[in-house]
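Please read the briefing below alongside the sequence and the model. It begins with a metal site and then turns to confidence, the interface and the charged pairs.

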Amino acid sequence: MNEPQDWSQLRDSIIGLGTDSSRRTYYPELLARVAQLEETRESLRRSEENLLTLFNGLNDAIFIHDWEGHVLEANDAMLAMYEVTRETFRDHTIQDYSEGPLTLAHIETMRHQLDRDGSLVFEWQARRPTRPNAPLDVEVAVRRVCWYGQNALVSVVRDISGRKRLEAMLNQSQRLDSLGQLAGGVAHDTNNMLGVIIGYADLLLERTEAMPNLRRDLEQIRKAALHSADLNRQLLAFARQQAIQPTLLDLNAKVEDTQKMLRRLISEQHTLAWHPAPDLWTVWADPSQVEQILTNLVVNARDALGTGGSITVETANTTLGAAARSMPDAEPGDYVVLRVRDTGRGIPADVLPHIFEPFFTTKAQGRGTGLGLATVYGIVRQNGGFIQVDTAPGQGTTFAIHLPRLPGGSPAASAGPAPDVAGGHESVLLVEDEEILLETAARILEDAGYRVTSTANPLEALRWVEAGLAPALLATDVVMPGLDGPGLWERIRTLRPDIKVLFLSGYPASNLGLAAPRLDSLGFLQKPFTRNELLQSVRDALEV
Amino acid sequence: MNEAMLGEIRKFVAPEFIFGADARLLAGRYARKLGGHRILLISDPGVLAAGWTGEVAACLEQEGLTVTQFLGVSPNPRDTEVMEGAALFREAGCDLIVAVGGGSVIDCAKGVGIVAANGGSILEFEGVDQVPAPMAPLICIPTTGGTSADVSQFAIITHTQERVKIAIISKAVVPDVALIDPRTLLTMDAYLTACTGMDAMVHAIEAFVSNAHSPITDLHALEAIRLVSTHLRASTAAPADLELRTQIMLASLQAGLAFSNASLGSVHAMAHSLGGYMDLAHGECNALLLPHVMDFNFSTAPDRYRRIAEAMGCNLRGLNEREGRSRILRHVLDLRRDCGIDEGLTARGVRSDDLSRLASKAILDPCNATNPRPPSRDDLRALYAEAM
Ligand SMILES: [Fe+2]
């Protein structure tokens, strides 16, 4: 270090001629950063736009609110659900948007659950500030959110009133099903008893031609029994156990036929309008059941009208798509609709779920049986259809009966008048496990000249045939312990192929478990039956 | 024609500066215009006591700016103080620095700016052009008339562990604006006035004889020499004379413009080493070493020393080189003594066994690069010995 150093390079840099000492500008770098910022801002803007679209595109209402309940932000669905506007939604607190009171304890529980689970979901009743008396069933999902640096909550509110309604409808449908089973069982049992009463009354009437007083009393007994049997038929209709004879049916023609009868049902102060739809599809239904539906609905409408007003009956074709899924009884497909509309007082919301229940009536005591709408319900369900009810207090009521369309075919001609009743001398094997009914039927047949062998035990009947008994007709109950009617007939037929058969049953023919084509060639009699009905059926069966 | 003009291209760098009484009061306006919001105001307790720091702070706050003060600067700014200042700058989220004080305060402010912008330790930026990122805007308000740190591209920081000063030389440390206000000199005592005045004189002489001098730096250097020679004695005697203060402040500015572009010489190399070791005032060190380095350099650039003598009002006419050298050295020694700077290094606690160490440090100083006569370590040791 004793020699002077060479400082020349250092000197050059000190005086500012080194490569790194020239002045540089940061302008291009600044521009690049500004451009980058702009780009970031633009992408942020687009992202926010997208999120806003999503936010407002949701069907659920979304609130952002603080713990005091002040609403900070809301989406379009919220505005629609609560019927407020962008300008007014902040005027109300979460308390205003709730039907029930939000207590401090409630909020503390929420806070606790949020701390524990991070979120919570509960059912609630929402309140629309403009319609305070029409609460809305909702499901609320709550989460914590940091909203622009503020501790807040995001509440997602889903309208579940539709789901609730559907649940209620399903409940109603299930309730009606069990009621139907109960009613059907009761009606079935009483039918047998009524058959006995009517049968013996008929027998006695045969012998009391000379005793007018007695005859009159008997007629009263018979009338009362027939009336009870009629009630039973309605119960069975509700229970979908009415014996039916469905045919290809032109609903327009059928309604046309009933016009005169329907007009008689309503009073002068009411009008009845009839609007048939052109080119109406055909349905597969029992014409007398359709008449029953119409009668019941028109009577129901009349009773809803009070003084004045109108009833409109109309038909239409309709096709249901996926919308059918929102109705518990419906399935997608083509339907013919029979609509009965009145301008009456409408059905209150608390009554609506019960209208199809048997013996449920709002009419004054003695004015109705409470079976009208129940019968309609049962019939429509039995025919594979469903009912829509559209009503509001003061707005009238529309019952829309949907019957499934049957493709093609023309309505069958209606049946002719019943032939005269005749007896006979053939031998009849009568099997009926209800002893008292067995005895009644045997008496009626014997009185008419038939040779009757009767038993309450189907196996005994079989043994007799095996032992050589050769009756011309087997008249048998369907449901019996040990061996049912169709089974007994199958067994006997192998021994006596030319034997005729008549089934006596409290259930519809379709419940026999026999294929439809074969059913046509078999005799069938619905219980309870009158003497004439029994004799006619026996005669018909023998002459097949 | 000057040989430097023929031999190489040159550039001249100077910050924007405002010169004149009450220029300091523009601090607020400049800070706002330079985009500042939160200002780190760097000063020292002496300047604070004199009232300048508070006045500038008020001036900044009047413009709606937030001011954080950093007063932890000692007479020879330390690396540790720079790091403290940089930490405070970041902590307070500052975006502009205002330095109010002497060379120490301004050098410390430059160091704070470098570290705040580049991170790391201030010691990593030692040398020439070692500062990569530009720093936050820097406004300098000098309160002493000598250091010229307010216009220079130099920052001198004490390396505490090594007890040596390091030089940071970079365009990045040229302040954005200097507000040069002679009124601030009124609070200096006579001895500090003498020291800083002599510092300006050394800046001018070293810049003028520098092997990197140029016609533009020569102009400023000679004018500075003339101004100091004419007014320093009087100003030392009458510290309250604003007219004299203004002349010394102007001398300092001109000397600063000269040395910032022509650089310095071995007086500063040795003064940096000495000041770092003994914690002596920079101007005092310079004044003690100047005659001996002039003596060492004289024969290398006799013509330039003659022009210096001329500017000092020292007549060398008819004298040969040896006589001329004696005359000019006598002149400088007289000026120094008249201003109150007397005796040598021994009187200030330097011992003879310190000299080798001082020379070893001094020889590494980049200021040697522009000394007209390249010194060796032994040369510097001998010069220290003469100055004892
Ligand atoms: Fe200096």
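**Metal site and overview**

His268(B) is buried, its relative accessible area being 2% (buried means under 20% relative accessible area, exposed over 50% and partly exposed in between, with a 1.4 Å probe and protein chains only). The structure is a predicted model, in which local features need pLDDT of at least 70 and side-chain atom pairs count only at pLDDT 80 or more, while totals for chains, interfaces and linings use all residues; side-chain values use heavy atoms, with hydrogens and water left out. Residues are numbered from 1 along each chain as its sequence is written, and chains are lettered from A and ligands numbered from 1 in the order in which they are written.

**The iron ion**

- The iron ion is coordinated by OD of Asp199(B) and by NE2 of His203(B), His268(B) and His282(B), at 2.1 to 2.4 Å (donors are N, O and S atoms within 2.8 Å of the metal, or 3.2 Å for Na, K and Ca; water is not among the atoms, so sites may look incomplete).
- Along the chain, the donors of the iron ion follow the spacing D-x3-H-x64-H-x13-H.
- The arrangement is irregular because the four donor atoms around the iron ion subtend angles of 82 to 165° (four donors count as tetrahedral if all angles lie between 85 and 135 degrees; four count as square planar and six as octahedral if opposite donors are over 155 degrees apart and all others between 65 and 115; anything else is irregular).

**Confidence in chain A**

- Chain A has a mean pLDDT of 82, and 91% of its residues reach 70 or more (pLDDT is the predictor's confidence in each residue, from 0 to 100).
- Within chain A, confidence is highest in strand E2 (residues 71-74), at a mean of 95, and lowest in helix H13 (residues 516-520), at a mean of 49.
- The pLDDT is below 50 over residues 409-419 of chain A, a stretch that has nine contacts in the model beyond near neighbours in sequence (contact means heavy atoms within 4.5 Å).

**The interface of chain A and chain B**

- In this interface, 17 residues of chain A are in contact with 28 residues of chain B.
- About 1900 Å² is buried between chain A and chain B, and carbon and sulfur atoms give 60% of this area (buried area is the accessible area, with a 1.4 Å probe, that two parts lose on being put together, summed over both).
- Trp7(A), Arg11(A) and Ile14(A) supply 36% of the area that chain A buries against chain B, which is more than any other three residues supply.
- Zero salt bridges are found by the rule across the interface of chain A and chain B (a salt bridge is a side-chain nitrogen of Lys or Arg within 4 Å of a carboxyl oxygen of Asp or Glu).

- Chain B has 15 helices and nine strands, and 61% of its 388 residues count as buried.
- Of the contacts in chain B with a separation of 6 or more, 77% are between residues 24 or more positions apart.
- Thr312(A) is found in strand E9 (residues 310-320) of chain A and is buried, with a relative accessible area of 13%.
- Apart from its neighbours within four places in sequence, Thr312(A) is in contact with Ala273(A), His275(A), Arg339(A), Val340(A) and Arg341(A).

**Salt bridges**

- Over all chains, the structure holds 44 salt bridges.
- In one of them, Asp115(A) pairs with Arg144(A), and the closest N and O atoms are 2.6 Å apart.
- This pair links distant parts of the chain, with Asp115(A) in helix H4 (residues 104-117) of chain A and Arg144(A) in strand E4 (residues 131-147) of chain A, 29 residues apart.
- Asp115(A) is exposed, at a relative accessible area of 54%, whereas Arg144(A) counts as partly exposed at 39% relative accessibility.
- Glu162(B) forms a salt bridge with Lys361(B), with 3.1 Å between the closest N and O atoms.
- Glu162(B) lies in the loop between strand E7 (154-159) and strand E8 (164-169) of chain B and Lys361(B) in helix H14 (residues 355-362) of chain B, so the pair ties together parts that are 199 residues apart in sequence.
- Glu162(B) is partly exposed, with a relative accessible area of 38%, and Lys361(B) is also partly exposed, with 21%.
- Asp22(B), Arg24(B), Glu55(B), Asp181(B) and Arg183(B) are joined into one network by salt bridges that share partners.

Technical notes:
Helix = DSSP H or I, 4+ residues; strand = E, 2+ residues; numbered from the N terminus.
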